[in-house]
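This briefing concerns helix packing, strand pairing and charged side chains in one structure. Please consult the sequence and the model shown here alongside the points that follow.

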Amino acid sequence: MRRIVRNAAAAAALGLVLAACGSRLPASDFEQPAPGPNTAGGPNVNAASDVGVTPTTIKVGMIDTASGLLGSETFSGPMYGAQAFFKALNEKGGVNGRTIEVVACDDGGIGADNQKCARQLVDDDKVFAFAGNSIYNYTGAEYISSKGVPDVGGIPVGNAYDQYQHLYSLYGSSAPRNGKVGWDGTLFQNTEIYRYFKERVGARTAAVVSYNQPDSARYAQTIKDGLKAEGYTVVDKQVDFFLANFDAAVVDMKNRGVDLVFDAMDTRGNAVLCKSMDDMGLKVQAKVSTVQSQNAAVGREFKDSPTCRNSIQATGFSRSYEDVDHPAVAEFRAAMLKYFPDREDRMSQWALEGWASAQWLTDAIASCGADVTRKCVEAFVNRPEGYDAHGLLIPVDFRQESAEQAQAPQKWCTNVVRWQDTANGGKGGWVDQVPDMAANCSVVPSLPYKP
């Protein structure tokens, strides 16, 4: 029931979104308290009890980078998932007699506009809390936290969620969150995914492909460090951002027996890399990606590389949006189809995680009964018990640890899915690779790094 130590990292020049690897558990494993209610059924009479709360409504803010140079699909998934949740919730009567009024702001990926969104929603619109945030450059984070406005279940693209007290990443945090990033500027990454591919897949030689660009190279180094800690032979391949020679890199990877490929690149670069792998005949156990790349667009974006495409595996700590046999996933998919029918072929794991963010805030509000306050909501989020969003998440929490505790070996878990074309005889889409994400765990160390 612990949080992931390494957040997502964004590279400004590339739009890299490199999500975290797993969720850490204590000895008590997954003892989960009964989830709070998420529909109407509370007291008949409510009083206005805090900023943004009226007897019949609660105002929730949402900041997302839904447009800009990085494209409309890069960060917008959580926004759609959270909005679908609140629409479905309101149709059922809201939470304890109050409906949710969503006030959304698109910052266009510009830091100054993110500041404007933050001040507008906090000062002018007077929102009670935030949910479903997915922000490329969260420059308004310090202001939101300074006003004591809870941001519950946001997607951590940068480091703000490991820095500010009232920001609660969907992936949890054990950092002090005292205004400094992590532990005096240091963060930690666990080695769970590298252990998984070594023990479950049998991989031994891993390539890490990156651009000759500072942010890409910095993230690639964290991957290499994790792989080396787990005993891999590491093949480091850096290519030019503007004139990348992927064919030469892939030929060398093939000659050196690479059976696992990681990267620190954008989708464009990955598509070219995959095509080169097919062209050069490099077949691997897995082309490892992240939860941000777990979407329905893979078939289109990697259309020229069927072999590589069917080796793409994504790791994360949320239940796959394809797992419609699970009631919470089925509810999510039904709501998305109802409220955003044009997005069925643009379904994404981040949309499901946006839904989980809205669920988390709703459960926190429900725990307050009629007297809905920010203090009550944060008390719910800060409980030592892990939160699992009704089975959508490997439980996460915000119990603070010292740097020594965060670095010590602990039990971590991760979910793994693999892309499969329908032509390969399967159902198509993202197929689970582990029977139970909550049981796919290892005791592994966490390594320090500077973001």
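Lys 224 is buried because its relative accessible area is 9%, buried meaning under 20% relative accessible area, exposed over 50% and partly exposed in between, with a 1.4 Å probe and protein chains only. The model is predicted: local features need pLDDT of at least 70, side-chain atom pairs count only at pLDDT 80 or more, and totals for chains, interfaces and linings use all residues. Residues are numbered from 1 along each chain as its sequence is written, and side-chain values use heavy atoms, with hydrogens and water left out.

**Salt bridges**

- The whole structure contains 21 salt bridges, each defined as a side-chain nitrogen of Lys or Arg within 4 Å of a carboxyl oxygen of Asp or Glu.
- Lys 224 and Asp 236 form one of these through their side chains, at 2.8 Å from N to O. Lys 224 belongs to helix 5 (residues 214-229) and Asp 236 to strand 11 (residues 233-239), so this pair ties together parts that are 12 residues apart in sequence.
- Helices (H or I, at least four residues) and strands (E, at least two) are DSSP runs numbered from the N terminus.
- Asp 236 is partly exposed, its relative accessible area being 41%.
- Asp 421 and Arg 309 also meet in a salt bridge, with an N to O distance of 2.6 Å. This pair links distant parts of the chain, 112 residues apart: Asp 421 is in the loop between strand 16 (415-420) and strand 17 (429-432), and Arg 309 is in helix 9 (residues 306-309).
- Asp 421 counts as buried at 14% relative accessibility, and Arg 309 is buried at 8%.
- In the salt bridge between Lys 92 and Glu 331, the closest N and O atoms are 3.0 Å apart. Lys 92 lies in the loop between helix 1 and strand 5 (99-106), while Glu 331 lies in helix 10, so the pair ties together parts that are 239 residues apart in sequence.
- Lys 92, at 44% relative accessibility, counts as partly exposed, as does Glu 331 at 30%.

**Helix 10**

- The 13 residues of helix 10 (residues 327-339) should span 18 Å at 1.5 Å a residue, and the 18 Å between its end C-alpha atoms agrees; the expected span is 1.5 Å times one less than the number of residues.
- Ala 328, Val 329, Phe 332, Arg 333, Ala 335 and Met 336 are the buried residues of helix 10. They cover an arc of only 165 degrees around the axis, which puts them on the same side of helix 10; the arc is that of the directions from the helix axis to the C-beta atoms.
- These buried residues pack against helix 1 (77-91) and helix 11 (349-366), contact meaning heavy atoms within 4.5 Å.
- Exposed residues Pro 327 and Lys 338 are carried on the face turned away from the buried side of helix 10.

**Glu 322**

- Glu 322 is in the loop between strand 14 (312-316) and helix 10.
- Although buried, Glu 322 has no salt bridge, and the nearest side chain of opposite charge is that of Arg 333, 4.1 Å away; Lys and Arg count as positive and Asp and Glu as negative, while His and the chain ends are not counted.

**Strand 9**

- Strand 9 (residues 187-190) is covered on both faces, with Leu 187 and Gln 189 buried on one side and Phe 188 and Asn 190 buried on the other.
- Strand 9 pairs with strand 19 (residues 446-449) in the antiparallel sense over 4 bridges, where pairing requires DSSP to find at least two bridges between two strands.
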